[in-house]
Amino acid sequence: MKYSKSEFLDYIAENDVKFVKLTFCDFLGRQRNISVLSSQLDDAFENGVAIDSAAMTGVGGIDLKLIPVSSLLSVLPWRPHAGRVVSVFCNIANLDGTPFVCDPMVMLENQVKKLGALGLKAQVATECEFYVFKDDDGIKELIPFDTADYCACAPFDKCENLRRDVIVSMEDMGLKPISSHHERGMGQNEIDFESAEPSAAARNFIMFKTAVKNVCALNGTWASFMPKPVKGMPGSGLHLSVTLSGKNADAASAAFAEGVMRRYKEITCFANPTLNSYSRLKKNYKISYGVNRGAALRRFGDTVIQLRTPDSTCNIFTVLALVFAAGREGIENNYKLREPDTGDDFIFDSPDEAIAFAEKSEWLRNNIDGVFDDVLGSMRARLAAEKECKTERELFDFHLDI
């Protein structure tokens, strides 16, 4: 249910909600929260809640505030029912209440509006893979929760009950998963979502990661969204499927796909921002489209394209905003879609290569206006910290907050 402000406040009063987590996403894609007492919520709606702008990454010195969006309420079912805790996504605003143009949610919404001006609507579906490991205190080695493989059944698939608990929790939060199964790796899982409006799909993904991590922690396990948590095991990706509808959707989808592929290398450092991301990529994907699983992009029918290279360490709002900007460029310039399964251009070998390529892009600079250099600088700082990890366990612990 989408709540108005008054309905939101009524829900808080009627359901013994004690704390409200004001939720936003920083430029590195991490969920961030400020908790306020429910008694302070009316003031938060009216005046916003100030945040340290440096928390947004690269925007230090700018005065910003969070403004709750009443329609974006999520119950946190793993928290106590007495003195409940809920989450509400917030817009990031300037002190005068105007939208902060570099808010990743605003960036995506603006791109969707520009696509709408062409007579087109978009829906996004996500397919997300993750690993579950045993939580054995003091043990340096990562131990997968089971030894099952693709689409295995219980009792070999020991993650079955965990996925069920995650899905039930997500339904309680108002999210809409459609399927789940065990993936190829030991302890590896996949949960898929139905298509949703782009901003909703991105928010659902952020809350999905939170649900998985919390449910696993309650069950004595660790969930990891690392692209390649263990050497020799399959990597975990975040597949993004975009469906266009509206004016000349078939032709528009083809031009959209070509536009994305022409900007694919520029988008890569945002879709795959960590050092560990490239342990998964390793020349496994060509910048082409087709049915080949080695293609960075696949098409299903005439109106659905799927990006296969992104992973869950990305800021999904920023990635989708850039994908829509590239696709719209393709539509506006009537790009002709290349032949399927052609081209030998591979994704980069390292994040340093990807960032160096992106740094030269005026197109990226125009689409991430004002904070482009700072965002790339923050990426480099995180990469430097990641490179300091000497063992698989250290790298795993580094990624727990991602």
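**Aromatic pairs and a helix crossing**

The count of aromatic pairs comes to 12, where rings of Phe, Tyr and Trp (its six-membered ring) pair if their centres lie within 6.5 Å, with planes under 30 degrees apart taken as stacked, over 60 as edge-to-face and the rest as tilted. The model is predicted, so local features need pLDDT of at least 70 and side-chain atom pairs count only at pLDDT 80 or more, while totals for chains, interfaces and linings use all residues. Residues are numbered from 1 along each chain as its sequence is written, and side-chain values use heavy atoms, with hydrogens and water left out.

Take F208 and F225: the ring centres sit 5.9 Å apart with the planes at 80°, so this pair is edge-to-face. It ties together distant parts of the chain, 17 residues apart, with F208 in helix 5 (residues 198-218) and F225 in the loop between strand 9 (221-224) and strand 10 (238-246). Helices (H or I, at least four residues) and strands (E, at least two) are DSSP runs, numbered from the N terminus. F208 is buried at a relative accessible area of 0%, and F225 counts as buried too, at 4%; buried means under 20% relative accessible area, exposed over 50% and partly exposed in between (1.4 Å probe, protein chains only). F256 and F324 also make a pair, with centres 5.9 Å apart and planes at 70°, so it is edge-to-face as well.

Turning to helix packing, the axes of helix 7 (residues 264-271) and helix 10 (residues 351-359) come within 8 Å and cross at roughly 125°. Axes are lines fitted to C-alpha atoms, for helices over the stretch in contact, and angles run from 0 to 180 degrees between N-to-C directions. Helix 7 and helix 10 are therefore oblique to each other (under 35 degrees is roughly parallel, over 145 roughly antiparallel, 65 to 115 roughly perpendicular and the rest oblique). On the helix 7 side, K265, E266, T268 and C269 meet A354, I355, F357 and A358 of helix 10, contact meaning heavy atoms within 4.5 Å. Helix 7 itself is mostly covered, with seven of its eight residues buried; among them are Y264, I267 and F270.
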